[in-house]
Amino acid sequence: MSEKYKPKNIKNTIKNIDTDNIHVRDIRNLINSDSITTDELIKESKVLDKDILEKIKSYKDLDIDYNDWKDLPPLQKNRTDLYFFGQPGSGKTCILASLFYYAHQKGLIKDNQSNREGSKYRDTLINGVKKGILAEGTPTDGVNYIPLDLTNPTNKRIHPLNFIEMSGEKFVSAYKDGIKKDNIGANKYLKNNNRKLLFFVLDYLSFIKDEKSILSQDSMLQNVLTLLSNDNTLDKTDTIYLILSKSDMFPKGENQLDFAQEFVDMKLKNLKNNLKIIQKEHNNNFKIILFPYSLGEIKFRGLLTNFDVTSPKNLIDWICAYSFSEERNWWKKIIGIR
């Protein structure tokens, strides 16, 4: 065995594994370098077993290409546009991954190839969740557009959707530079006539680790909100979802929605009040929905070991409730697949 991993350091490594203070990537690298054996890990660790170790050994970072506005095709018309805003690491990409994975597992996705790169991105996220691998998050300058036709799980109608994911910094930067043909103004993003659902994602875990993160995320989303109000985008908006991500880290035993409400009232009151003021200025044109969100159990800072369907199922129900749907033709009920 390498001198680097003499017994004392192995004990430290095991301690970091058992307390979730080491990334899955680092555990994989230790195993692959033969510095510590799987038998040793199972024997000494309180949390590892053969199944988890197999996932760790096969862990591979997702290969994702991000785009710029000018590289994206125009948004399809006669659909609902869903914009996801939040700082890098807030959980936007993971939320999208869980939504797409759940919808795929339930047979709710009708394929749409109007943006092949977006569909490829969607499939990469789905396969990542299937293997327990989470995306690192959208970079500050990254943006993606995913067209998707979602089957309503209740009435089987089709909801034509455009998912647009970007960092909040990129959005604010585009407005500071002016709406140009090479940023968010490209291909008439936001300026089309599609109805819109807006998702503001806030990272609960970073709040409890660093109070400064609250001010940073709060300020960024308030900037986004003001800009969207000033350019009349909110006149075409039906719902704003305030999503508090990583809600599995809420105190044990708390009702998730009640705790989320209390947390927003204590830590994000200015954002909440601004939302209500702007809602009134727009004649209560849109609804505001607070939504705690969890993917399930995540270990070693990046390995999804237990997928929880509750959040993606509920959010899909909300999306279907407030997005445009195509009427189902009567003959499909007769000759369609049962």
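Predicted model: local features only at pLDDT ≥ 70, side-chain atom pairs only at ≥ 80, totals over all residues.
Residues are numbered from 1 along each chain as its sequence is written, and side-chain values use heavy atoms, without hydrogens and water. Local features need pLDDT of at least 70 and side-chain atom pairs count only at pLDDT 80 or more, while totals for chains, interfaces and linings use all residues.

Helices (H or I, at least four residues) and strands (E, at least two) are DSSP runs, numbered from the N terminus. Strands β8 (residues 296–299) and β9 (residues 303–307) run antiparallel and are joined by 4 bridges; two strands pair if DSSP finds at least two bridges between them. G296 stands opposite F307 in β9. The two strands form a hairpin with 3 residues between them, and F300 in the turn has a positive phi of about 55°.

A pocket is an open set of points on a 1 Å grid over the protein atoms alone, where a 1.4 Å probe fits, with protein on both sides within 12 Å along at least five of seven lines; lining residues have an atom within 4 Å of a point. The largest pocket holds about 900 Å³ of space, a volume being the space filled by probe spheres set on the points. Its lining has 34 residues, of which L205, K246, I298, R301 and G302 lie nearest the centre. Two or more lining residues come from each of α5 (92–105), α8 (204–209) and β8.

The second largest pocket holds about 420 Å³. It is lined by 21 residues, and L257, I289, L290, F291 and P292 lie nearest its centre. Elements giving two or more residues to this lining are α10 (256–267), α11 (269–281), β7 (287–293) and α12 (310–322). Of these, β7 gives the most, with 5 residues.

The structure holds 0 disulfides (pairs of cysteine sulfur atoms within 2.5 Å).

Aromatic rings of Phe, Tyr and Trp (its six-membered ring) pair if their centres lie within 6.5 Å, and planes under 30 degrees apart count as stacked. The count comes to 14 aromatic pairs. Y83 and F85 are stacked, at 6.1 Å centre to centre and 10° between the planes, and both residues are buried. F84 and F163 are stacked at 6.1 Å, with 25° between the planes. This pair links distant parts of the chain, with F84 in strand β1 (residues 80–85) and F163 in strand β4 (residues 158–166), 79 residues apart. F84 is buried at 0% and F163 is buried at 3%. F84, F100, F163, F199 and Y241 form one aromatic cluster.

Notes: Phe/Tyr/Trp six-rings, centres within 6.5 Å; stacked < 30°, edge-to-face > 60°. Buried < 20%, exposed > 50% of the residue type's maximum accessible area, 1.4 Å probe, protein only.
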